[in-house]
Structures are given as structure tokens and as C-alpha cells.
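User: Please take a close look at the aromatic side chains here. I am new to this structure, so explain how the rings pair and what surrounds them.

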Amino acid sequence: MYARKNEVLSVSLLVRGGLIGLGILGMAGAVYLSVNYLNTSCQIVVALDALIIAAYAGILSRHWATKNLLMAFVCASPVLLGWLAGHRLHPAVPYGIGVTFLTYLTREVVKDIQDRVVNHGHRITLPLWLGVMPARRIASGLMLVTTLVSVIFGVKLVSYNWYTIIPYVLSVGVFLITTHSLAFGQPGDEKKESAYILAGSLLMLITFGCILF
């Protein structure tokens, strides 16, 4: 699939086998660490992540429902693991997990719009099923919900460290810009909008980091 997107990403069988081997080692290492050092809830999340990744290419990526929802879960799971592994003291984190999940769910839809030519005949994605403009509207709606949950997240942050507000406000601003672009922009803007989503995610990650200090 990556070679279909860009010939530069086409690799030999040996390289592909090596990458798959490293991936398997990485997943096995994650499972080992969770079994030996983390609680049952974390072990379940790690095991689910491993199963999703293993089944993604051949099975789960074929339909938008499993493809988008499950990959958003995988992308949000590092924050979820931190919450489940610790003492769960900060009331903002559950909303932060929700923001992370919704952010990556939106990006999955936007990436599917970008990849609709490549996915044609191989996957049933939202833009291939409903069309590009309906998929953009769905992505805009998801981004709007993300922004609303971010506002609740921000209310919980106010009583904490003041400097967490700086990356938080920037992140919400980026989410608003993305929402507007997806709602009123034109097909072809998806690369820019995907970059916006990643920038907002990075700022939200910095916000999470500021909570620790």
C-alpha cells in the first residue's frame, strides 16, 4: 500500500521482512514490559494494541469503521496507559485522552481523503463510500467535538500550573483553524489540514508534559 502511495516507499522483500521483524520484536517487548511491570488494565491495552496492529493490514484496514476507530484507539493508548499506570490524580487527563482519540480519528478520515486513489478497490473508506465532501464535513464535525472536549479539558487545567495554558490555548486555536478549513475549504487541502492536526497534537502533548511539573 505504501508503494502505491509513493514509489519512493517501495522496498525490497529483505527490507520489508526486516521491518516486520523489528515490529514484532517491538510488540513482544511491549507485552513483556506490561506483563512484568504494569497492572492488568495496562496489560489489556497493550495486548489489544498488539492484536490491532497485527491484524490491521490484512483485515482491519479494509473498512473505515474498524480502520479509523481502532487506529485512533492505538494512537491514544500511550496517554491512556499513562493514566492507567499511575495514580490517576489529575482530573483533566480523561478529557485529554478523549481529545487525543478524537484528534487521531479526525486525522484518519483526512488521510483517507488524501489516499482515496490508492485505497480504491482495496478498502472501503468514508470518502470512497460517501464522497469527498461528506467525508470532509464528518471530519470537520469530529474536529469541532474535539475542540469542545478540549474546552472542558482546559477548565480542568485552570487550577493547575499556569504555564500549561500556553500550549493548550495554541492547540485549541489550531483545532479551530482545522475545523474551519475542513468545513469551508476545498478538496485538495487535506495535506495542509493533516499537518494542522499533527501540530495541534504536538501542542497538546506539550500540555500533557507541563502537567507533570
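Analyst: A residue is called buried under 20% relative accessible area, exposed over 50% and partly exposed in between (1.4 Å probe, protein chains only). The model is predicted, so local features need pLDDT of at least 70 and side-chain atom pairs count only at pLDDT 80 or more, while totals for chains, interfaces and linings use all residues. Residues are numbered from 1 along each chain as its sequence is written, and side-chain values use heavy atoms, with hydrogens and water left out.

The structure contains 3 aromatic pairs (rings of Phe, Tyr and Trp, the last by its six-membered ring, with centres within 6.5 Å; planes under 30 degrees apart are stacked, over 60 edge-to-face, the rest tilted). One of them joins W64 and W129 in a stacked arrangement, with 5.7 Å from centre to centre and 20° between the planes. W64 belongs to helix 4 and W129 to helix 7 (residues 126–130), so this pair ties together parts 65 residues apart in sequence (helices are DSSP runs of H or I, at least four residues, numbered from the N terminus). W64 is partly exposed, at 23% relative accessible area, whereas W129 is exposed, at 52%.

F153 is in helix 8 and F208 in helix 10, so here the parts tied together are 55 residues apart in sequence. Both of these phenylalanines are buried. Ring pairs also bring in Y168, giving a cluster of F153, Y168 and F208.

What else surrounds F153? Beyond its neighbours within four places in sequence, F153 is in contact (heavy atoms within 4.5 Å) with A92, Y95, G96, Y168, M204, T207, F208 and I211.

Technical notes
Helix = DSSP H or I, 4+ residues; strand = E, 2+ residues; numbered from the N terminus.
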